[in-house]
Amino acid sequence: MHKKLALSLLMLCPLPVLGAAGDADIDRLMPLSLEQLVEVDVSISTYSKQQMSKAPSVVSLITAEDIRATGATNLMDVLRSVPGVYVKQNLFAFRPLITLRGAPGNNVLLMVNGAPMRDLLWSNGIYWKGLPASIIERIEIIRGPGSALFGADASAGVINVITHTAAPIKHSEAGLRAGSYDSQAGWLRHGGNWNGLDVGVTAELSTTDGHRPTISPDRNGDTGKANYAWDNQDLRFSLAGGHWRLLADYQRQDDVGTGLNGAGVLDPLNESDSRQYGLALHYDNPGFAPDWGLNAVARYRDVKYSSGNGFITLAPPTREYLDAAERQAGLELSGLYTGLRGHALRIGGGAAWNETYGVRQVNPPNPAFPIPEQSRRDLYLFLQDVWSLADDWELTAGLRYDEFNDFGSATTPRLALVWQTSERLTSKLLYAEAFRAPSYQELYFQTAANTPNPNLEPERSRTWELAFDYLASDRLKLGLNLYRFKRTDLISGSGGTFQNFGSFTVRGLELEARWQATPSLLFGGNLTLLDQDDSPAEDVNVPDEALHLRMDWAFRPRWVWDVQAHWFGRRSLPAGDPRDELGSYSLVDTTLRYRHDRNWEFAVSVRNLLDEDAWDYSSKSLPNNLPLPERNFYAEVRYSF
Amino acid sequence: MRLSRFFPRRILALLLAAWLPCAAAIEEAPEPALRAVLFYNFLKFAELPANGAPEQPLSICVAARDPELLAAMRRLSERPLRGRPLVVRAYDAAADCDAIYVESRARWQAIVNGAGAPRALTVGAYAGFVDEGGIIELSFDRGRGRFDINQPAARQAGIRFSPQLLRLARRLID
């Protein structure tokens with residue numbers, strides 16, 4: 001009987017919910033002995049937030065706890081609520097294209113554990129559909145230019161996805177999820193120790209039929225459902241010991257239904273596939289020598305795409321085939337010198353190399369446009385100094401020089417002045433230049449629509465930003481930033497041949513708030529406003545206004561209810577498109593989570609709860625746009641051990 | 001009044017058994033709160049020079065500009081130590097401090113250049129603090145709090161530490 005009583009009392013132990021308010025954290029920690037205190041881990045979220053709040057940039061941080069609370073199952077679900085981001089869905093394979101601050105995806109550098117995910121042929125892969133949420137430990141997003149640190153394609157921002165790896169994996173977890181569209185997923189995360197080395201493994205397998213929107217009609221006048229089914233495998237392995245870390249990953253997308261071809265013709269049969277694997281060896285030693293820290297990384301990645309049973313052609317209806325692959329290698333070395341009073345000086349350099357290979361094209365009706373196999377090499381140097389000018393002032397100055405073998409060089413400076421204006425207010429003034437490398441298609445790839453131009457210059461950009469972080473109270477945090485983002489030497493193929501021309505300016509405002517109303521109730525939200533130049537360079541299907549609201553409520557011990565509402569304003573169509581612009585739409589997602597005990601957790605989630613009729617841009621050649629998923633749901637169970 | 005009159009021993013034992021796993025279950029905490037509570041524990045295990053009446057407040061000075069850390073440190077003022085209330089404020093060269101939390105090398109250099117090595121318990125949050133005359137260097141290694149102690153500097157400031165604290169130090173300069 002007493003055992004039963006003890007058990008029932010044990011069940012009264014409060015389980016951690018949400019990011020509890022500061023008082024509660026101190027209350028929780030105070031009773032611990034010193035021996036226990038040195039065993040407490042800094043929560044990743046706050047640790048990283050601390051690091052990033054000091055960063056000389058405007059940053060967003062999304063943690064695994066945020067992802068779990070909001071019910072996101074894919075990276076793209078997560079990015080949707082970041083200020084300035086709009087994820088467009090493409091007609092071809094329902095691919096997500098990330099736009100940021102009005103700039104298309106080739107201005108947003110996406111990295112996984114610091115490794116760029118871009119490729120020469122298709123930017124982020126022709127069938128790439130994001131990453132499973134179960135592998136993500138956190139996402140660090142620099143909203144603003146990042147070329148002075150990260151090189152090409154970072155004019156609008158940088159998204160770095162940090163996956164669960166060895167040492168930080170503290171809990172093993174297995175999970176199963178099933179829901180609408182015959183979707184199923186299973187995942188496993190495990191961390192352990194082997195011969196004194198930390199070992200981490202994550203795996204997720206998933207399958208879905210996709211939301212099968214009705215296309216009425218397609219380019220040929222036929223009506224039918226677009227096949228957006230796909231299967232995904234994501235396996236990751238990591239090993240860490242001393243200053244060394246080895247990361248290996250393998251991803252495969254099978255039976256990817258492209259739905260429609262690029263011309264807007266329904267293709268119910270196509271099942272394409274792609275796979276990639278990567279290896280990275282990191283060495284990080286903050287105490288390499290007196291006053292010196294050292295960081296080094298060597299990377300290799302191989303990506304392969306196949307059109308499977310072929311894409312349907314416009315006319316006559318037959319099949320065309322396209323297979324291609326790419327190898328990528330990189331090496332980077334940098335040192336942090338802290339021997340000068342008030343300065344932290346980072347100096348480094350590296351080399352990156354990309355090469356396409358294994359291109360196979362079978363195009364019966366029109367064999368005129370072969371894809372040449374090419375390579376690109378980038379040698380670079382960078383220097384950055386963080387200078388503590390005075391107690392409350394810090395100046396960061398950086399410069400990076402990139403030398404490419406195909407289109408020339410780029411020099412990108414940055415300056416950031418951070419002023420701790422008061423105990424509660426941080427002010428930042430930022431200036432940075434950045435560039436986008438001309439794509440492989442723009443330089444070399446002849447298509448029916450465009451002629452390449454090997455003499456293209458990179459697109460360049462300059463951004464000014466003024467940002468404020470204000471801790472209004474211990475429970476209310478506010479952020480405001482204003483920016484002017486000007487891109488020049490834009491590359492366009494509208495005249496047939498790709499050329500550098502003109503410029504495009506966006507002025508924007510981003511407002512954020514996070515209010516921990518009570519220890520169990522959290523409200524958050526952000527507002528994005530864009531004022532874009534009225535110019536042909538404006539990217540289509542990007543809203544000028546967006547609003548996101550979120551509530552997390554631990555209404556009972558063990559229960560958390562999350563509601564998110566996303567509203568996107570009207571979106572323009574390309575010049576010459578006779579249809580009306582795309583209307584605004586709002587999506588409401590809600591997730592209810594129940595933690596039964598230390599092992600078991602259950603959740604149900606409804607996406608697009610109000611069954612909003614939402615559309616993304618399709619193609620000029622179709623009378624209607626692309627329907628987004630209607631109301632759908634899933635249920636999941638997790639087991640921690 | 002005996003507690004056991006109202007709660008039989010077995011029930012008390014069960015309550016204790018039920019509570020202990022809760023206390024031990026804290027696996028993660030935000031960094032500012034953990035810094036503040038570790039700082040409080042350093043004070044708890046330090047014998048400071050007798051520079052005031054026992055009932056006088058302990059003056060805690062924070063040389064930091066991180067708003068969240070400042071907020072966490074201010075919360076310590078609600079928790080007296082050995083009967084002495086704590087007064088937490090931002091560092092000011094004119095202030096009389098019993099303990100100083102120092103965020104960066106720049107702040108430490110400004111303190112030392114301004115008034116010389118303070119006669120107070122100094123806790124620094126940057127690598128190399130104890131090598132530059134500081135008393136306790138607080139750092140985080142793989143997300144867990146670690147500290148180094150500079151005993152000669154402590155002795156010079158008239159501070160003695162309990163063996164319980166010294167035993168847990170990662171590095172002890174003696």
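User: Arg236(A) and Asp234(A): buried or exposed?
Analyst: Arg236(A) is buried, and Asp234(A) is too. Buried means under 20% relative accessible area, exposed over 50%, and partly exposed in between (1.4 Å probe, protein chains only). Some ground rules: this is a predicted model, where local features need pLDDT of at least 70 and side-chain atom pairs count only at pLDDT 80 or more, while totals for chains, interfaces and linings use all residues. Residues are numbered from 1 along each chain as its sequence is written, chains are lettered from A in the order in which they are written, and side-chain values use heavy atoms, with hydrogens and water left out.

User: What do Arg236(A) and Asp234(A) form?
Analyst: A salt bridge, with the closest N and O atoms 2.8 Å apart. The rule is a side-chain nitrogen of Lys or Arg within 4 Å of a carboxyl oxygen of Asp or Glu.

User: How many salt bridges over all chains?
Analyst: The count comes to 48. One of them joins Glu510(A) to Arg101(A), closest N and O atoms 3.2 Å apart. That pair links distant parts of the chain, 409 residues apart: Glu510(A) sits in strand 27 (residues 499-518) of chain A, and Arg101(A) in the loop between strand 4 (96-100) and strand 5 (108-112) of chain A. Helices (H or I, at least four residues) and strands (E, at least two) are DSSP runs, numbered from the N terminus. Both Glu510(A) and Arg101(A) are buried.

User: And why does Glu442(A) count as buried?
Analyst: Because its relative accessibility is 8%. Glu442(A) forms a salt bridge with Arg436(A), closest N and O atoms 3.0 Å apart, and Arg436(A) is buried at 3%.

User: Switching to sheets: what's the strand order in the open sheet of five strands in chain A?
Analyst: The order is 2-7-8-5-6, with mixed pairing. Strand 2 (59-63) and strand 6 (115-116) of chain A stand at the edges with a single partner strand each, so one side of each has no neighbour in the sheet. Two strands pair if DSSP finds at least two bridges between them.

User: How many bridges join strand 7 to strand 8 of chain A?
Analyst: Seven, and the two strands run antiparallel. Ile136(A) has Thr163(A) as its bridge partner in strand 8 of chain A.

User: Now chain B. Which residues of helix 4 are buried?
Analyst: In helix 4 (residues 105-115) of chain B, Arg107(B), Trp108(B), Gln109(B) and Ile111(B) are buried. Gly116(B) follows helix 4 of chain B, and its phi is positive, near 75°.
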